[in-house]
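Dear colleague,

Please find below the structure that I am handing over to you. My notes on what was found in it follow directly after.

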Amino acid sequence: MSRDPDCVFCKIVAGEIPSTRVLETDRAIAFMDVNPIVPGHVLLVPRDHHVQLADLPDELAAHLGSLLPRLIRGVVAATEALGSNVVVNGGRVAGQVVDHCHWHVIPRRSDDVIRWPWPQGVYSGDAMAQWAAEIIAAMA
Ligand code: AMP
Ligand code: ZN
C-alpha cells in the first residue's frame, strides 16, 4: 500500500480524518465531498496514493472505472438529478488541489449553479491530424 504521510486523502483512507463513505472496495473508497459543488457531490479515490489519473497502473484505473456506473446511478437516484458530470482534474493548471487522484461525481439539475459547456474551438488546415499524430507518437 503506497501512502503519502502529508496527503489528506491518504489520511481519509486510513481513517485518520473522518469521511462519510458511500462505497468501499479493497482498492478504492468513495465519500462525500465536504465542500460540494452541489449536494450529493461524491469523490472516488484509490486507496493507494497516486497523484494523477495518468499515474495509475492500468488495472487499478480499470477497477476504479468499473465502480463509476454504480456510483453515478446511486448519486443521480438519491438526489433525483437529471444527469451527472464525472470530472478528474489533473495538475494545478486544471484545478487539482488535492494531489491524490480522484474522480468527482456531480449530480446535475437544469437549475443548478454549474455552467457548461466549455468554449469550443476549430482546427484549420490539417492541424487536427497533426495533433493526432503527435499524440499517437507520444503514447508509443
Ligand atoms: P480537486 O480540486 O479536484 O483537487 O478537488 C479536491 C476536492 O476535495 C474538493 O472538491 C474539496 O472540497 C475536497 N476535499 C478536500 N478535503 C476534503 C475532506 N477532508 N473531505 C472531503 N472532501 C474533501
Ligand atoms: Zn494520498
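This is a predicted model: local features need pLDDT of at least 70, side-chain atom pairs count only at pLDDT 80 or more; totals for chains, interfaces and linings use all residues.

Residues are numbered from 1 along each chain as its sequence is written, chains are lettered from A and ligands numbered from 1 in the order in which they are written, and side-chain values use heavy atoms, with hydrogens and water left out.

For reference, the ideal angle for four tetrahedral donors is 109.5 degrees. Helices (H or I, at least four residues) and strands (E, at least two) are DSSP runs, numbered from the N terminus. His49 counts as buried because its relative accessibility is 16%, and His100 counts as buried at 0%. Buried means under 20% relative accessible area, exposed over 50%, and partly exposed in between (1.4 Å probe, protein chains only).

Turning to ligand 1, there are 15 residues around it, of which Asp33, Gly95, Val97, His102 and His104 come nearest; a residue belongs to this group if one of its heavy atoms lies within 4 Å. An oxygen atom of ligand 1 lies 2.7 Å from a backbone N or O atom of Val97. Polar side-chain atoms are also found 2.8 Å from an oxygen atom of ligand 1, in His102 and in His104. The protein buries 81% of the 510 Å² that ligand 1 exposes when taken alone, with areas from the Shrake-Rupley method and a 1.4 Å probe.

The structure also holds 2 aromatic pairs. Rings of Phe, Tyr and Trp (its six-membered ring) pair if their centres lie within 6.5 Å; planes under 30 degrees apart count as stacked, over 60 as edge-to-face and the rest as tilted. Phe9 and Phe31 are edge-to-face, at 5.4 Å centre to centre and 80° between the planes. Phe9 lies in helix H1 (residues 8-14) and Phe31 in strand S2 (residues 28-32), so this pair ties together parts that are 22 residues apart in sequence. Both Phe9 and Phe31 are buried. Trp116 and Trp118 form a tilted pair, with 4.9 Å between centres and 45° between planes. Trp116 is exposed at 53% relative accessibility, and Trp118 is exposed at 64%.

Two backbone features remain. The peptide bond from Trp116 to Pro117 is cis, with omega near 10°, and Pro117 is in the loop between S5 and helix H3 (127-139). Glu80, a residue other than glycine, has a positive phi, near 55°. Glu80 lies in the loop between H2 and S4 and counts as exposed at 62% relative accessibility.

With kind regards

Technical notes. A polar contact is a pair of N or O atoms within 3.5 Å; within protein, one must be able to donate a hydrogen and the other to accept it, and residues adjacent in sequence count only if both atoms are side-chain atoms.
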